[in-house]
Amino acid sequence: MESRTPPGFLAALSELSASMRSAGEAGSVGVISLVVLPDPAVLRLPLEHARKFEREIDARLRARLRAQDSLFPIDGSEWLVVLPRLSSAAVLTLGMLRLEQAFIDTPVQLDGMALQAQVVCGAAISPDHGQDAFHLLQSARIACLAARRGASGSLIYESGMEHSSSGVALLERDLRAAFSGGNELELHLQPKVHVPSGECRSAEALLRWRDSRGEWVPPPVVVSLIGRLGLRHRFNRWLFQRAAQTLHTLRLEGLEVHMSINLSATDLYDVEVPDLIEQALMTWGVRASSLCLEITETSMLDDTEGDGVADVLKRLRLLGVSLSIDDFGTGFSGMSRLKRLSVQEVKIDRSFIVDLVSSARDREIAASIIELSHRLGVHVTAEGVEHEQTAQMLAAMGCDYIQGFLYSRALALPDFIAWARARAGIAA
Ligand code: C2E
Ligand code: CA
Ligand code: CA
């Protein structure tokens with residue numbers, strides 16, 4: 001498990017273990033899992049502002065903690081707090097209230113803008129909610145998830161949260177079943193249109209899954225549940241095999257289309273990922289160059305020499321699959337690191353595309369991403385393109401590929417094949 005987990009989580013885990021050891025039999029240790037849900041406008045913050053915003057949240061949270069508490073950032077929107085030496089669960093409730101209050105009625109000021117942030121907390125206390133650090137952290141995160149689903153600000157873990165029919169437990173049961181013959185996971189394909197030729201030369205594979213009530217569950221929820229259930233490895237094996245099989249089918253259908261799949265941040269800590277991908281490509285006789293791995297900008301941040309992430313990335317590059325930076329512009333690496341990352345593609349995040357026509361600032365950002373990428377020999381895809389005018393503007397800027405509802409949503413394989421055939425007829 002450890003090798004596939006982000007560093008913030010590992011740091012919290014180790015701090016928590018140490019606190020629990022030193023608390024001894026009698027003492028209690030608390031954990032708060034906290035998610036900051038930003039105002040929708042926040043998604044569109046330019047790079048330097050997004051970083052400032054996160055720093056501001058971090059500083060406000062720290063200011064509300066006691067000297068002995070520790071704060072661990074997990075992924076830009078989630079934080080974990082370890083509170084050693086707690087006299088009772090009431091102190092934990094108070095702690096959550098204090099953290100929430102840091103944001104109530106006090107928007108974050110950023111260069112003249114006032115941005116609202118909403119906080120959701122879940123907490124757990126030892127030994128009642130977990131005998132060891134891992135289970136205690138998990139209980140706090142389950143409580144946080146329950147608070148999010150119930151739209152309540154803060155909740156302390158209760159065993160019922162895992163068993164309530166409305167909640168996570170049902171989804172977890174369905175998801176476990178999916179791996180043993182229940183409602184199957186599927187990959188749907190969203191076309192990417194090559195701007196100069198108008199052809200569909202590649203597609204992004206997006207996860208689709210229905211729970212036992214037949215409702216689609218958002219892919220980020222499925223992916224995070226898979227991680228929590230310890231099913232990541234099985235999921236990845238399935239994903240790589242299904243992707244390679246799909247590429248094989250497309251070729252049999254006479255369609256020379258490349259395909260992208262999404263990797264999670266934690267996959268870059270999994271030393272087996274490159275081998276699993278290689279096996280899948282060999283099983284289906286598919287060339288590595290027809291597969292592209294989309295990786296978010298922030299998860300590549302640890303790509304420094306001698307690091308586990310760097311090693312996995314290096315082996316993926318050697319394998320010959322392409323690498324793409326997903327959601328470009330929302331992370332913090334900026335363009336200066338683009339060169340060092342040695343990727344084949346950059347995807348401009350949808351948040352810079354939605355208002356492209358009306359926002360000079362977004363146009364400036366998109367144009368500079370395109371220009372710099374081209375100078376480095378990197379292709380650019382714009383995602384989330386919904387209107388013809390946006391597509392025309394991007395084409396004029398020299399954007400290489402366009403993906404979005406303007407052309408199509410993600411389609412089940414037979415529908416995608418029909419769509420790509422029809423498109424080829426148009427382009428020819
Ligand atoms: P993403 O990689 O940024 O994927 C693009 C998302 O934008 C998809 O949402 C897609 O349906 C949506 N989209 C595409 N064009 C448009 C458009 O024109 N307008 C609008 N409003 N939306 C558009 P989806 O399928 O819900 O996926 C959400 C996220 O879930 C993905 O974001 C990706 O991070 C994650 N995800 C999906 N499949 C997988 C997977 O197999 N593995 C992993 N690790 N993550 C996945
Ligand atoms: Ca993606
Ligand atoms: Ca994206």
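**Note on a calcium site and a pocket**

1. Asp326 bridges two calcium ions, ligand 3 and ligand 2. The two ions lie 3.9 Å apart. Asp326 lies in strand S12 (residues 322–328) and Glu383 in strand S14 (residues 379–383), so this pair ties together parts that are 57 residues apart in sequence. Bear in mind that this is a predicted model.

2. Which protein atoms are the donors of the calcium ion (ligand 3)? Asp326 (OD) and Asp327 (OD) are among them. Along the sequence, the donor residues of ligand 3 follow the spacing D-D-x55-E.

3. Are Asp326 and Glu383 buried or exposed? Both are buried.

4. Now the second largest pocket. Its volume is about 300 Å³. The lining consists of 16 residues. Nearest the centre of this pocket lie Ser202, His258, Ser322, His379 and Tyr401.

5. Which strands each supply at least two residues of this pocket's lining? They are S9 (200–208), S10 (258–262) and S11 (291–296). S10 gives the most, with 3 residues.

6. What is the make-up of the lining of the second largest pocket? Its residues divide into 8 polar, 4 nonpolar and 4 charged.

How values were computed. Residues numbered from 1 in each chain as written. Chains lettered and ligands numbered in written order. Predicted model: local features only at pLDDT ≥ 70, side-chain atom pairs only at ≥ 80, totals over all residues. Heavy atoms only, no water. Donors = N, O, S within 2.8 Å, 3.2 Å for Na, K, Ca; no water. Helix = DSSP H or I, 4+ residues; strand = E, 2+ residues; numbered from the N terminus. Buried < 20%, exposed > 50% of the residue type's maximum accessible area, 1.4 Å probe, protein only. 1 Å grid on protein atoms, 1.4 Å probe; cavity = no way out; pocket = protein on both sides within 12 Å on 5 of 7 lines; lining within 4 Å. Points joined across faces, edges and corners; volume = space filled by probe spheres on them. Nonpolar A, V, L, I, M, F, W, Y, C, P; charged D, E, K, R; others polar.
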